[in-house]
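The following exercises concern a single predicted model. Please work through each task with the structure at hand before reading its solution.

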Amino acid sequence: MQKSPYTAGQRRRRRRRRRLAERICLAGLGIVSLAVLGAVCFGPSLSGFRSAPPSSKAASEADPASAQAAAGAAAEEAGPPRLPAPVGSGPAAVSAAPEKPASASRSPQDHDSKVDMAFVGDILLGSTVERLLNQHGFEYPYREVLDELRPPDLTIGNLETPVSRRGSPVQKEYAYRSPPEALPALVQAGFDVVNLANNHVLDYGENALLDTLDYLDQAGLRHVGAGRDADNAFQPAVVEKNGVRIAFLGFSRVVPFVSWKAGKGHPGVADTYEETRPVQAIEQAKRDADLVVVIVHWGIEREDRPEDYQVRLARKYIDAGADLVIGGHPHVLQGLEFYKGKWIAYSLGNFIFTTNSYSKTLETVILHASCTRDGDCSLQAVPVFTRWAQPKVMDPEAGRELLDRLAGISSGIRIGPDGKILPVLPAR
Ligand SMILES: [Zn+2]
């Protein structure tokens, strides 16, 4: 089954046409009318910021997540899990990993080598999201954003849940678990790598975590940040695209129980309370790869700005060799920072999650990063409204408002009309 209605060749041509149009427009913007040309040129490249109803930002639904923990407590202790055939998931959900569009073939020696990545925030496929998937199909969450998720060389998110049918919920406020049947649609939507270093991946115990690793392997999704032991949890996922080797690492600074930390012979998450091991993992990854991307779980929920320790850790990762740091956990967007020529996005917020009445938890971005083999990344944010498990690209007005807010909670950056994020260099 095809990933999109277009063939790989058509997609490449469409992307080339779009980029060419953007370049022409960029040149024109300098001399002609900013407003008119900007609307004509960049509207389509951001999928029109379409479809979010203006009033929907003031959503007032109660969070139904509290009822979820009991929903799937039945524990099966069957043998090793097998990824099931998708059930009731509609035509878009197939079990095979789809082909990413072939990228322009370049020699690994070419300094021009680039990799295009898309990052999204927290993904939950259980709890109230699971009920919506059962109603609308497993591909339902991705329908409105496929144009953002599929074309990049790599698409990456934070999987804030175990994927299993086993285990029982641990004693905590929210305990999540997602059905294995939901994974093929995630792959089909374009996802390549997920982070598991977070405060939910052990919500149903160790067996459910081990199942998660197996199910992700079977689905062809690379994963980082949790493993069968500490060595495994701190191991990068290394992917090569367009002659660029990219190493992904995942760490969590939000670990609810000490027993969740991966250890010698002990499954768990790669934690970053202690800093030596993450720094060593980054240094080692940098020796093996051209680019190192760190996905980190940290911060205070619903806070717009990072804690001091987030800033300190992010910079430490970059000093150790990270080229890009992408954070999550606060369920809202936090600002961006440009440090020593590298980007930090402190939190991307929710991508697919339970819905509540705090409107900022419904605002997120899909963050596109185009990175050279030398580690220079340029970023573009596509504003997205996400509610009831379905992210949608915002209409231009709401999108501009969100980008202005994002620039306002960042330091030393500006965001152009096309969503491109640029550092504001200090005046000499
Ligand atoms: Zn979290």
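**Exercise 1.** Identify which residue of β9 is the bridge partner of Ala247, and state how many bridges join β7 to β9 and how the two strands run.

*Solution.* Begin with the individual pair: Ala247 has Val292 as its bridge partner in β9. Then consider the two strands as a whole: β7 and β9 run parallel and are joined by seven bridges.

**Exercise 2.** Give the order of the strands in the open sheet and determine which of them stand at the edges.

*Solution.* First, list the strands: the open sheet has six, ordered β6-β7-β9-β10-β12-β11, with mixed pairing. Next, look at the edges, where β6 (237–241) and β11 (333–339) each have a single partner strand, so one side of each lacks a neighbour in the sheet. Finally, the twist from one strand to the next averages 15 degrees.

**Exercise 3.** Describe how α8 is placed on the sheet, and decide which of its residues are buried and which are exposed on the other side.

*Solution.* 

1. Helix α8 spans residues 276–288, 13 residues in total, and its first and last C-alpha atoms are 19 Å apart, close to the expected 18 Å.
2. The buried residues of α8 are Pro278, Ala281, Ile282 and Ala285. Viewed down the axis of α8, these buried residues fall within an arc of 100 degrees, so they line one face of the helix.
3. Thr276, Gln280 and Arg287 are exposed on the other side of α8.
4. The cover over the buried residues of α8 includes β7 (244–252), β9 (291–297) and α9 (308–320).
5. α8 packs on the sheet, where it touches β6, β7 and β9. The direction of α8 makes about 170 degrees with that of β7.

Technical notes. Residues are numbered from 1 along each chain as its sequence is written. This is a predicted model: local features need pLDDT of at least 70, side-chain atom pairs count only at pLDDT 80 or more; totals for chains, interfaces and linings use all residues. Helices (H or I, at least four residues) and strands (E, at least two) are DSSP runs, numbered from the N terminus. The expected span of a helix is 1.5 Å times one less than its number of residues. A residue is buried if 20 or more other C-beta atoms lie within 10 Å of its own, exposed if 12 or fewer, and partly exposed in between; C-beta atoms are placed from the backbone. The arc is that of the directions from the helix axis to the C-beta atoms. Two residues are in contact if their C-beta atoms, placed from the backbone, lie within 7 Å. Two strands pair if DSSP finds at least two bridges between them. Axes are lines fitted to C-alpha atoms, for helices over the stretch in contact, and angles run from 0 to 180 degrees between N-to-C directions.
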